[in-house]
Amino acid sequence: MSSAGNAKMHPNKEAFIEGVDHILAKWTALSLAVANSWGGPDSEDKRDNMVDEIVEYFDGITSKKQAAEPTDLEELLLDIMDEDFTISLEDGSEKEVSKKLITIYNECRVGNFSTVDKLADERDALEARGGMSSAVQMSQAADNAAASGSGDEFSGSEDDEDEESDVEMS
């Protein structure tokens, strides 16, 4: 994440940046791209830069007193995924990610951090349950489980529970 101005950053913007990070951590396409280094050896840095680019997009519309346009944000997400990770998304997940980003933007603007707090709690629960801090690590664990033939790395043995806590955004 960007370190410029963190000392005096407004709490609403801090919460928004945290929310963007949480949403991107749950985005399966991005998580797989980073875990598999589809963006090269600096894939994690590219993911962090993606957070910055999204925040800059919202800073721009805020300064112009415009509303966030889902199609513009979707296009930004698609462009970043294509340019940084050489991925052409066809699953429509950028629409759901865009929708969630706009939701937390609108909430954080007015000091409502409920969705960001919920996302943080979900991420903390994943860390506590499996020691994983991101969807990238979950993907790596899934790859390891597939390689070893074991599929119960994440939670208990109930498959229904796994589906409910899936990190996919669509």
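This is a predicted model: local features need pLDDT of at least 70, side-chain atom pairs count only at pLDDT 80 or more; totals for chains, interfaces and linings use all residues.
In soluble globular proteins, nonpolar side chains tend to be buried together. The largest nonpolar core here has 35 residues. Val20, Leu24, Trp27, Met50, Phe58, Met81 and Leu101 have the most contacts inside this core. Six helices each supply at least two core residues: helix 1 (11-26), helix 2 (28-35), helix 3 (43-63), helix 4 (70-85), helix 5 (93-109) and helix 6 (114-130). Helix 3 gives the largest share, with seven residues. Met81 shows how the core residues meet. Leaving aside neighbours within four places in sequence, Met81 is in contact with Trp27, Ala29, Leu30, Met50, Thr86, Ile87 and Leu89.

Charged side chains also pair up. The structure holds nine salt bridges. In one of them, Arg123 pairs with Asp21, and the closest N and O atoms are 2.9 Å apart. A network of salt bridges links Asp21, Arg47, Asp48 and Arg123.

A salt bridge also joins Glu122 and Lys26, with an N to O distance of 2.5 Å. This pair links distant parts of the chain, since Glu122 is in helix 6 and Lys26 is in helix 1, 96 residues apart. Glu122 is partly exposed, with a relative accessible area of 29%. Asp42 forms a salt bridge with Lys46, with 3.9 Å between the closest N and O atoms. Asp42 is partly exposed, at 35% relative accessibility.

How values were computed: Residues are numbered from 1 along each chain as its sequence is written. Side-chain values use heavy atoms; hydrogens and water are left out. A nonpolar core is a set of buried Ala, Val, Leu, Ile, Met, Phe, Trp, Tyr and Cys residues joined through side-chain atoms within 4.5 Å. Buried means under 20% relative accessible area, exposed over 50%, partly exposed in between (1.4 Å probe, protein chains only). Helices (H or I, at least four residues) and strands (E, at least two) are DSSP runs, numbered from the N terminus. Contact means heavy atoms within 4.5 Å. A salt bridge is a side-chain nitrogen of Lys or Arg within 4 Å of a carboxyl oxygen of Asp or Glu.
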